[in-house]
Amino acid sequence: MPSLNYAPHFTFAIYEEFDLGALKSATSEISKKCRPITVTFSEISVFDVERLVLWLRAADESPLREIHEQIHRMIDPSTCIDYYTPQLWQPHCTIGMNFGNEMREAVLEFASRPFEPIEVKFDVMDCVTFLPVTVHREVNLG
């Protein structure tokens with residue numbers, strides 16, 4: 001995450017084409033309905049599709065799925081890239097990405113280790129574009 005200059009996070013949607021004003025507005029509206037969320041992470045895993053992404057799985061995905069559904073009620077999910085559509089989205093907290101090929105085996109080995117569950121409180125929602133990561137709207141939950 002240091003290479004992105006952005007903290008570990010949940011990504012609820014990624015759009016190829018978008019209206020930034022509508023996304024910022026949706027972020028503000030949804031944040032008014034959300035309280036801070038305490039998430040217990042139960043395992044560490046990787047997405048190994050286009051690039052290697054190290055992520056944490058929430059033991060209870062329901063609060064995350066509720067936020068995801070709210071976003072897609074406000075912004076047409078057909079404009080979202082496939083992995084983030086309601087049918088395919090896997091709730092996940094990204095903790096590492098942009099690993100070079102020289103780190104691949106070490107990352108996969110790290111992800112295979114036993115994982116002690118941890119609890120983390122999330123109290124901010126933001127709307128960003130990337131790369132580079134640019135925060136366009138950041139709001140406190142609750």
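## The main core

Let's start inside the fold of this predicted model: the largest nonpolar core has 31 residues, and Phe10, Phe12, Val39, Phe41, Ile67 and Met125 touch the most other members. A nonpolar core here is a set of buried Ala, Val, Leu, Ile, Met, Phe, Trp, Tyr and Cys residues joined through side-chain atoms within 4.5 Å, with buried meaning under 20% relative accessible area (1.4 Å probe, protein chains only). At least two residues of this core come from each of helix 1 (20-33), strand 2 (37-48), strand 3 (52-58), helix 2 (62-74), helix 3 (104-111) and strand 6 (124-129); helices (H or I, at least four residues) and strands (E, at least two) are DSSP runs numbered from the N terminus.

Apart from this core lies another, of 5 residues, including Met1, Leu4, Val53 and Met97.

## Helix 2

Leu64, Ile67, His68, Gln70, Ile71 and His72 are buried in helix 2, and the buried residues of this helix pack against strand 1, helix 1, strand 2, strand 3 and strand 6. Beyond its neighbours within four places in sequence, Ile67 is in contact (heavy atoms within 4.5 Å) with Phe12, Ile30, Cys34, Ile37 and Met125.

Five strands form an open sheet in the order 1-4-3-2-5, with antiparallel pairing; two strands pair if DSSP finds at least two bridges between them. Strand 1 (9-10) and strand 5 (118-122) are at the edges with a single partner strand each, so one side of each has no neighbour in the sheet. Strand 2 and strand 5 pair over 5 bridges, and Ile37 has Phe122 of strand 5 as its bridge partner.

## Reading notes

Residues are numbered from 1 along each chain as its sequence is written, and side-chain values use heavy atoms, leaving out hydrogens and water. Local features need pLDDT of at least 70 and side-chain atom pairs count only at pLDDT 80 or more, while totals for chains, interfaces and linings use all residues.

Technical notes
Buried < 20%, exposed > 50% of the residue type's maximum accessible area, 1.4 Å probe, protein only.
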